[in-house]
Amino acid sequence: MIIHTQNPVIEVHDLTASYDRRPVLWNVDLTLPEGSLIGIIGPNGAGKSTLLKAIMGLIPVNSGYVHLFGKTIDEVRSKVSYVPQRESVDWDFPASALDVVLMGRYGKLGLFRRVRPSDREVALSCLQKVGMEAFANRQISQLSGGQQQRVFLARALAQDAQLYCLDEPFAGVDIATENTIMEILRTMRKEGKTVLVVHHDLQSAAEYFDWVILLNVRLVACGPVEQVLTPELLQETYGGKLTILAKAGELLQKEQYPVREKKK
Amino acid sequence: MSFIDFFTFSDPNIRYVTLGCLLLAGSAAVVGCFTFLRKRALVGDAVAHSVLPGVCLAFLVSGQKNPVILLIGAFITGWLSLLVIDWITRHTKIKEDTAIGSVLSVFFGIGILLLTAIQRNGNAAQSGLDNFLFGKAASLVEADVITFSVVSLLLLVTISLFYKEFTLLCFDENFARTIGLPVRRLEWILTSLTVLAVVTGIQAVGVVLMAAMLITPAAAARFWTDKLNIMLLLAAAFGCLAALTGAYLSYLAPSMPTGPWMVMVISLIAVGSFLLAPKKGIIARMQRQRIIQHRMRDENILKALFQLGEKNQSYFQERTEESVLLHRKMNPKELRQGLFRLKNDGYTERKGNQWALTREGKERGQRVTRLHRLWELYLSQVLHIAPDHVHEDAESMEHVLTPELEARLREQLDNPQFDPHQSEIPK
C-alpha cells in the first residue's frame, strides 16, 4: 500500500542507508503531499530517525536520493527545518532558552553577521507561541523535558520554513506539552506547511496525522491515514514477519560485505 | 627583581614578556572554552604533546630558533596527530580514548628522542629548546613575543568572527548542518585554533602543560556562570591571572620553570571555583543540603509537639524534651538544637526546662501533620498502596508538598476527614 502523490514536497527514491554495513533502511520509495501532517511510524530500530536524517542529508546513503520541492536539500535548506531528538544535545550547555531559539535565525543571518534586534523579536514571539516566553532567560538545563522540547520547536518556528521534520517530539514530554505541540503543528498545517513527525505511539497516530508512513527497515505502507492504519498493515509492520530481511542485514554486517557493489 | 619592580613594568623587556604571556594565556583560555564545550579536552592534551617533535624537527631542519619556523613545525605535527587519531578511530575497532592515548605517547616519545639528540649535539643551551618542555617566560626574546602575540590576536579575532557558528557547532552539530553551515570547515578551523593556541604557549608555558592552560580556565569559569560570553571573559581572566603570576615568578627565580607555576595557579583557581562557586560549588550545595536537613528536623519536632497536643486537646501545653522523645524517636542533641532554633524563629517558647508551641508553631505543626495524612490517604486511596506501606513515603513528602499541590490533593480526595489509619486530618 504505497500511494504516490503529484507534485510531492518530498520524494524519496530507492533509498538504502546503513549503519556499520547493516542496512537500516532498505529500498525506500515514497512521495509525500504538501500541506499535510505526516507521521513516520514503526517499531524500535525500524529506521524512523534514520529516514528523517537521510531526508535532511545528515547521513551518507548507500543508494538512492531524496528530493525536496523537486530539488536537492542543499538548494532548499532555508525552506526546511529540522528538530532533532531532545536527547541528542547536552542541555548543560551555557545558553538560555532565548539563545537556543535565536540559533533558528542563524541560517537566515549567514556567516559573520551578528544577531539583530529584529531576530530577537522573532525569537521572542516564537517562544510566546510555544508558551515559553516567561522562560526566555532561563538556563536550558533548568527546564523540564517538555519545556526543552518546546524550546526546540520554537527554534524551528524561528526558521520560518516550509517543511518541518521533527524527530520524536513527543518522547518524554508531559501531556500538556504534547497538546501544545500538536496544536502548533495543526496551525502550521493550516498555514500550508508540511510537517513530518517521527512518532512511536500508535494510539494517537490516527488522530494526529492525515498521512502515515509505516516503516520497518523496508517501507510497509505510505498513504492517507485511514487507508494505512489497518490491522493487516500494522501486523505487517509490527509482527515478526521480517526475520529473513533482518537476518540478511545481520549477515552483511557480520561478514563485512558492502551494502552496494561498487559501480564500474 | 622585586615585586614593585616587576609590577611597575619599568623594564621594557618585562613589559614585553608580560604582555605576551597575558595574550597567549587569555587567547588559549578563550579557544579552550570551545574545545571544552565540544568535549574535546583530551584532544587538546594530545595536541600539546604532539607539537614537540614538530618543534624539534623544525629546529633540526632550519638550524635556528626562529619562532615562526618552530611554530610551523609545531602546527604540522600537532595537526598530524589529530589526523592519525581520526584515522585510527574511523578505520579500526580502537575507540577514541585509546587512540588519543597511544598517539599522544608515540608523538611525545619521538619528541623527547629528538630533543635528547639535539641536546647531545651541545647547542641546546644556545637554542633554549630545553625550555620547551616546562616553559620559561623570562627566556622569551622580542621576536618570540611578537610572533606569539600576533598568533594570539589572530585566535581572538577568529573566535569573535565565528562566535555564533562555533557556539552552534558545540551545542547542536546536526542542526548546524541542516541550516547549511559548513560544519566540516568550521571544525577544521576550530581544531586549527586549538593547535595554534597550544603552539603559542610552547616557550612560555611548555608543551606538556599547555593543555592545562587550554582547558582548566574553561572548566573553572563554567562553575560561575551559565552565560557563554561571561564564561569566555572569566576563562580569559583566570588564564591571565595565572600567566601574570607565572611570568613574575619566572623573573623572581630564573631557574624556576614557568609552566608548572602557571598550572599551579590555574589549578588553584579551578579547585577554588569547584568549592566556592555559588549554586554549583560544593560548599553551596552542602549548605543547601544542611538547610533542608534542618528544616525537615524542625518540622518533625513541630509535628511531634502538635500530635502530643492532639492527644489531650491541649496544644499550647508545656512539655519536657523527654516526652517529645517518647512520642518520636530522634537524637536528643538534635532535638535540643532544633527546639532552640525554633525558639529563635518564633515557633516555640521555653519555660524553665519545658517547651511549648507558639500560635505560629502550632499552625506549622498542624500543616505538616495535615500534609502527612493527606498524602497517606492519597497513596492508599488513589494509588492503591497498602495502608501499612504509606507512612515512610509521607514522612518525606510532608516537607515537600506546596500549598498548590495540597489544594489539588484535597480536591481529588474530596476534602477528606480521616487518613487510612483513622486519624483525623486537621484543618
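Predicted model: local features only at pLDDT ≥ 70, side-chain atom pairs only at ≥ 80, totals over all residues.
1. Strand E7 of chain A, residues 194-199, has six of its six residues buried, so it is largely enclosed by the rest of the structure. A:Thr194, A:Leu196 and A:Val198 point one way from E7(A), while A:Val195, A:Val197 and A:His199 point the other way, and both sets are buried.

2. Which strands pair with E7(A), and in what sense? Strand E3 of chain A, residues 37-41, pairs with E7(A) in the parallel sense over five bridges, and within that pairing A:Gly39 stands opposite A:Val197. Strand E6 of chain A, residues 163-166, also runs parallel to E7(A) and is joined to it by four bridges, with A:Leu163 standing opposite A:Thr194.

3. Between the two chains, 16 residues of chain A are in contact with 19 residues of chain B. On the side of chain A that touches chain B, the residues divide by class into 12 nonpolar, three polar and one charged.

4. In chain B, the axes of helix H14, residues 282-312, and helix H16, residues 332-344, come within 9 Å and cross at roughly 90°. An angle of 65 to 115 degrees counts as roughly perpendicular, which means that H14(B) is roughly perpendicular to H16(B). From H14(B) the contact draws on B:His294, B:Arg297, B:Asp298, B:Ile301 and B:Leu302, and from H16(B) on B:Glu334, B:Leu335, B:Gly338, B:Leu339, B:Arg341 and B:Leu342. Sorted by class, this contact of H14(B) with H16(B) holds five nonpolar, two polar and four charged residues.

5. Helix H14(B) also meets helix H17 of chain B, residues 359-381, where the two axes come within 8 Å and cross at roughly 95°, and H14(B) is therefore roughly perpendicular to H17(B). On the H14(B) side the residues are B:Glu299, B:Leu302, B:Lys303, B:Leu305, B:Phe306 and B:Gln307, and they meet B:Gly361, B:Lys362, B:Arg364, B:Gly365, B:Gln366, B:Val368 and B:Thr369 of H17(B). The classes represented in the contact of H14(B) with H17(B) are four nonpolar, five polar and four charged residues. B:Leu302 is listed in the contact with H16(B) and also in the contact with H17(B).

Definitions and conventions: Residues numbered from 1 in each chain as written. Chains lettered and ligands numbered in written order. Axes fitted to C-alpha atoms, helices over the stretch in contact; angles between N-to-C directions. Helix = DSSP H or I, 4+ residues; strand = E, 2+ residues; numbered from the N terminus. Parallel < 35°, antiparallel > 145°, perpendicular 65-115°, else oblique. Contact = placed C-beta atoms within 7 Å. Nonpolar A, V, L, I, M, F, W, Y, C, P; charged D, E, K, R; others polar. Buried ≥ 20, exposed ≤ 12 C-beta atoms within 10 Å, placed from the backbone. Pairing = 2+ DSSP bridges.
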